[in-house]
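Let's take a friendly walk through a few helices and some backbone features. Have the coordinates open in your viewer and follow along.

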Amino acid sequence: MKIIYCEDHRLHFPQAELSGGQFVTPFERPSRVEYVLNRLKERKLTQISAPDPVDMKPVQALLDPGYLIFLETAWDEWKAAGMEGEIIAANVPARGMHMDRIPDNIDGKVGYYCHASETAMTQGTWAAALSSVASAQTAQRLVADGADSAFALCRPPGHHATADQYGGYCFINNAAVVADMFRASGAEKVAILDIDFHHGNGTQALFYDRSDVMFASLHGAPQDAYPYYLGYADETGVGAGEGFNLNYPMPPGTPYDVWREALDDSIAKISAWGAEALVVSLGVDAYKEDPISFFKLESDDFTDAGRRIGRMKLPTVFCMEGGYAVEAVGINTVNVLEGFKD
Ligand code: Q9C
Ligand code: ZN
């Protein structure tokens, strides 16, 4: 399997994440990628290359133009306004307030374009986010041109980012861009399977009214887990998209046999629909020792999950999402890829 990776991810490394009322070193940190790269090499998966330059057209086609300008210019505006630290949202439009009037003040703008204040932006965030989506796009082109599968080692991750909001460590929704590119390159039906521990709220929102991209997400139930305000099972799509959104929320302590039933159900539905291409939002934070999650998957379970996904026999692009038990992130990610190839 070809692997696409760009070292520019290192340009995004905020000093701090707001967690439990304290500033801590972000869970989503550059070393996550190093653990995956090391494990790939250990397992002799060495077909690793850098992405082609980012193609902004598919990104612009899917996302809000004002949001993209914001991401590009936020750091300069923040510094020009005399802010000393990293960009952290301190206010967001809440119930009863205007949801559609964008402030001129950068502090107000940050809150408008953000949904979760744990995620800081820095000088290099935009460049890193572009390199991440560039990796996803290069992987997509390989598969559209005939490869069975490719793995985009994306960082920062993407599945929490919507058309106009960042948060949950995500800025540009890499998997969503890939799905839309599969549509543009001729696939009529594209499925996105999101196995990251957290609900893929951004991906869901981007395709909620569409019948050409089916979205399935296995995740910690919103009553108990970030992103808290989306991800219930009764969110099934709207309009033409009705029936094309599949949520599998699961409670704290969920073991693999329960998670696997959800996986099998989602796979059966994607296959029965007749998807022609598959995008996997590959987070490995369902692991039992993940520091911010609460499922109980073992490392071997990721191999089994990969095998089940591989049995769909679909052209597949994997986009790296979350996973924070740093050493195990490498093992579990590569286990999925090896299982897929069995
Ligand atoms: N105290 C992804 O896995 N909440 N994002 C962190 C830590 C946000 C996860 C709480 C989790 C975001 C891509
Ligand atoms: Zn996650």
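Alanine 184 sits in helix H6, which covers residues 174-184. The model you are looking at is a predicted one. Is alanine 184 buried, exposed or partly exposed? It counts as partly exposed, because it has 13 C-beta neighbours inside 10 Å, and a residue needs 20 or more to be buried. Alanine 184 also pairs up in space with a residue from another part of the sequence: proline 58 is 126 residues apart from alanine 184 in sequence, yet their C-alpha atoms are 8.9 Å apart.

Helix H6 as a whole is mostly covered, with nine of its 11 residues buried. The buried residues are Asn174, Ala175, Ala176, Val177, Val178, Ala179, Asp180, Met181 and Phe182. Just after H6, glycine 186 adopts a positive phi of about 115°.

Next, the helix pairs. Two packed helices are described by the angle between their axes and the distance between the axes. The table puts both values side by side for the two pairs discussed here.

| Helix pair | Angle between axes | Distance between axes |
|---|---|---|
| H5 (residues 125-144) and H6 | about 30° | 9 Å |
| H9 and H10 | about 30° | 6 Å |

For the pair of H5 and H6, the packing angle is about 30°. That angle makes H5 roughly parallel to H6, since angles under 35 degrees count as roughly parallel. The crossing of H5 past H6 is right-handed. On the H5 side, the residues that meet H6 are Ser132, Val133, Ala136, Gln137, Gln140 and Ala144. Their partners in H6 are Asn174, Val177, Val178, Met181 and Phe182.

Now to the other pair, where H9 and H10 pack at an angle of about 30° with axes 6 Å apart. This makes H9 roughly parallel to H10. H9 passes H10 in a right-handed crossing. H9 contributes Ser299, Phe302, Thr303, Asp304, Ala305, Gly306, Arg307, Ile309 and Gly310 to the contact, while residues of H10 taking part include Ala328, Ile331, Asn332, Asn335 and Phe340.

H9 itself runs over residues 299-310, and its 12 residues reach 17 Å from first C-alpha to last, close to the 16 Å expected. Which residues of H9 are buried? They are Asp301, Phe302, Ala305, Gly306 and Ile309. Viewed down the axis of H9, these buried residues fall within an arc of 145°, so they line one face of the helix. What covers them includes strand E6 (190-194), helix H8 (256-273), strand E9 (277-282) and helix H10 (326-341).

Finally, some backbone details to check. Most residues other than glycine have a negative phi, and most peptide bonds are trans. Lysine 44 has a positive phi near 60° and lies in the loop between helix H1 (31-42) and strand E4 (48-49). Lysine 44 is exposed, with 7 other C-beta atoms within 10 Å. Lysine 313 has a positive phi of about 55°, and its place is the loop between H9 and strand E10 (316-320). Lysine 313 is exposed, with 9 other C-beta atoms within 10 Å.

As for cis peptide bonds, one runs from arginine 155 to proline 156, with omega near -5°. Proline 156 belongs to the loop between strand E5 (149-152) and H6. Another joins tyrosine 226 and proline 227, with omega about 5°. Proline 227 is in the loop between strand E7 (213-220) and strand E8 (245-250).

How values were computed:
Residues numbered from 1 in each chain as written. Chains lettered and ligands numbered in written order. Predicted model: local features only at pLDDT ≥ 70, side-chain atom pairs only at ≥ 80, totals over all residues. Helix = DSSP H or I, 4+ residues; strand = E, 2+ residues; numbered from the N terminus. Expected span 1.5 Å × (residues − 1). Buried ≥ 20, exposed ≤ 12 C-beta atoms within 10 Å, placed from the backbone. Arc of directions from axis to C-beta. Contact = placed C-beta atoms within 7 Å. Axes fitted to C-alpha atoms, helices over the stretch in contact; angles between N-to-C directions. Parallel < 35°, antiparallel > 145°, perpendicular 65-115°, else oblique. Left-handed = near helix turned anticlockwise from the far one by under 90°.
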